[in-house]
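Please open the structure shown below in a viewer and keep its sequence at hand.

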Amino acid sequence: MPLSDVLLRGDSLRKLVNLRNPHVLKQVREFINLCKPSKVTVITDDPEEIAYVRQLAIDLGEEHPLKMDGHTIHFDGYDDQARDKPHTAVLLPAGQSLSRGIVSLEREEGLREVRGFLDGAMKGKEMLVRFFSLGPTGSRFSLCALQFTDSTYVAHSEDLLYRSGYEEFKRLGGGREFFTFIHSAGALDERNCSVDIEKRRIYIDFLDGKVYSVNNQYAGNSLGLKKLALRLAVYKANHEDWLAEHMLVMGVHPPGKDRVTYFTGAYPSACGKTSTAMIPGQTIVGDDIAYLRSDGKGNARAVNIESGIFGIIKDVNPGDDPLIYQALTSPRELIFSNVLIEDGVPYWQGMGRDPPGNGVNYSGDWWKGKTDDSGKEIIFSHSNARYTMRISELENADPKAHDPEGVIVQGVFYGGRDSDTNVPVCEAASWEHGVYFGATIESETTSATLGQEGVRKSSPMANMDFIVVPLGTYLENHLRFGRKLRNCPKVFATNYFLKHEGKYTNAIPDKKIWVLWAEGRVHGDYDAIKTPIGFLPKYRDLKELFQSVFDKDYSLEDYHTQFSVRLDKYLEKIARMEEIFKPEPGMPKEFWEILGQLRAELEVLKAETGKEALAPEYFL
Ligand code: SPV
Ligand code: MN
């Protein structure tokens, strides 16, 4: 008798049968027989069943309760602290290829390998079968997601980060329109961390709407609904007519004006995405992944496909991120990962408090000065340590966060991490120019991806890792999307990381000013200076904003340091972009037209003035 017949009985079988979906039942059987768990539990939307998962995470020691009510700590293995790009591959039919940087594998070969690793991977463990909705329930934006995992941490995280979707599956009417995620943490050590890291694999089979993930725990690799689902959604969106983006969604509330304006924003990892969504005085819809569709009435609408935050905890402190800090230091259901724990209290880098000299962290028992096998000092809390919580727990949660119609998007931010080129905020001259802004995002690398830190990387729409269609196809889809809209959002490039003489030229909270200026531009409250790189703010408007919002004097000198158009640096960037995008087949002609025009204008200015940079007033 197949194992699925032995394990799938009683309550769990009844729940599956009630879905009246032969595809679900078939897949549950298939993956039980492949992964060979000792027990299978099917979880519906029932809060008691969801509470069972939360308790199981503690009973099995995958999470440990902390002093504060509702808080737990989870550790990923020492070498499992970020997305594993080299071992994340798109399975392609023979002969097909994708854009730069996307690892791909011949499909049959990849399936054989990963199914081999999953064979028997759940022996002695409990398989959880979960149903989620990617997006608000009852919404035309949303997609159904089926998750198999033997990690209670993964299942618990998904309860914080996504909407439960058992009832949504019933609405499929027996159809096959859902994504499937199969995950096993594989063999565990005494701390419940995955041990077979060299056999860590994350394989995306978009032809079949499935992702296989094995021998890992870090959420970016293991939680099917996060970046793994984003890849499947990017594929689907680009074969339809919508956008699946690595974007925040927020409501911007200008002080003293009775209105809210919704923005989306794409920023590569660790470039200020969550902290933009959490700017005091604004409301958050989502901080990581959005689906955008046209509403047929000329508007772009967006939903957050998540309902929680998996945020970088480093540098969250009462001064820079007061709302998040408050949430992290008060009772609520919250998972910390890879921070230092001492006496049931979490400590992280940049929290504004000195850490103790010892405790427990992602390396096990930790003491100041501890080194790893290669002699490298182990920092007390990992630079990519995270927190996981529900957005609804936050006082700044937007009232439309779960609206099945989404919110009308009137502005889009594209932000990078750039120490010497882009101004802090700049408005695109057109939707096409905005697509160019997004395509040319660059970011100096951080610890959220494995590999060297501090290298300048091109990251189109901050989505490059997930663009599982040719880049040209993806950018064309963006161009088409905006052209169809009557109320096309305005697009802004932001840069919070500009440096001058080795120091950041802006304080962290300054991003609020750029966001409020952009919001004002959407409503025609400010005029702006037209330059080759886009529209720049006028000094008097920024001065007024700094004064009214922060009671701070914004000097003309600061304005010049920040907003001068760096001719040489922009020309260098254009040369880098040309080099990077030249080998891409099928790039939209608009991209090359905008790049060519920008270069020509900057070269003329350079020849005319002989200057390295020009103050914004030059263009008045
Ligand atoms: C990011 O790094 O962009 C994240 C976290 O949102 S991860 O789940 O690792 O993708
Ligand atoms: Mn992200």
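**The nonpolar cores**

The largest nonpolar core holds 155 residues, and Leu 134 and Tyr 291 are the members that touch the most others. Helix α9 gives the most to this core, contributing eight residues. The model in view is a predicted one.

Select Tyr 291 and display its surroundings. Leaving aside residues up to four places away in sequence, Tyr 291 touches Leu 134, Phe 141, Leu 143, Ala 233, Trp 242, Leu 243, Ala 244, Arg 301, Ala 302, Val 303 and Ile 305. Another core, of 32 residues, lies apart from the largest one; among its members are Ile 32, Phe 131, Cys 144 and Tyr 166.

**Helices α9 and α13**

Next, select residues 224-239, which form helix α9, together with residues 471-483, which form helix α13. The axes of these two helices come within 10 Å and cross at roughly 60°. An angle of that value makes α9 oblique to α13. The crossing of the pair is left-handed.

Which residues of α9 and α13 make the contact? On the side of α9 they are Val 234, Ala 237 and Asn 238, and on the side of α13 they are Thr 473, Tyr 474 and Asn 477. Sorted by class, the residues of this contact comprise three nonpolar, three polar and no charged.

**Helices α17 and α18**

Two packed helices are described by the angle between their axes and the distance between the axes. For the following pair, select residues 567-581, helix α17, and residues 589-609, helix α18. Their axes come within 10 Å and cross at roughly 150°. Angles over 145 degrees count as roughly antiparallel, and α17 and α18 are therefore roughly antiparallel to each other. Here α17 passes α18 in a left-handed crossing.

To view the contact, colour the two helices separately. From α17, the residues that meet α18 are Leu 567, Asp 568, Tyr 570, Leu 571, Ile 574, Met 577, Glu 578 and Phe 581. In α18 their counterparts are Phe 591, Trp 592, Leu 595, Leu 598, Arg 599, Leu 602, Glu 603, Leu 605, Lys 606 and Thr 609. This contact of α17 with α18 has twelve nonpolar, one polar and five charged residues.

**Trp 592**

Remain with helix α18 and select Trp 592, which lies in it. Is Trp 592 buried, partly exposed or exposed? With a relative accessibility of 28%, Trp 592 counts as partly exposed. Not counting residues up to four places away in sequence, Trp 592 touches Glu 578, Phe 581, Lys 582 and Met 587.

Most residues other than glycine have a negative phi, and most peptide bonds are trans. The last two selections have a positive phi.

Select Arg 20, located in the loop between α2 (10-17) and α3 (22-35). Phi of Arg 20 is near 50°, a positive value in a residue other than glycine. Arg 20 has a relative accessible area of 70% and is therefore exposed.

Finally, select Asn 215, in the loop between β11 (210-214) and α8 (219-222). Asn 215 has a positive phi, near 65°, and is likewise a residue other than glycine. What is the relative accessibility of Asn 215? The value is 5%, so Asn 215 counts as buried.

Definitions and conventions
Residues numbered from 1 in each chain as written. Chains lettered and ligands numbered in written order. Predicted model: local features only at pLDDT ≥ 70, side-chain atom pairs only at ≥ 80, totals over all residues. Heavy atoms only, no water. Axes fitted to C-alpha atoms, helices over the stretch in contact; angles between N-to-C directions. Helix = DSSP H or I, 4+ residues; strand = E, 2+ residues; numbered from the N terminus. Parallel < 35°, antiparallel > 145°, perpendicular 65-115°, else oblique. Left-handed = near helix turned anticlockwise from the far one by under 90°. Contact = heavy atoms within 4.5 Å. Nonpolar A, V, L, I, M, F, W, Y, C, P; charged D, E, K, R; others polar. Core = buried A, V, L, I, M, F, W, Y, C linked by side-chain atoms within 4.5 Å. Buried < 20%, exposed > 50% of the residue type's maximum accessible area, 1.4 Å probe, protein only.
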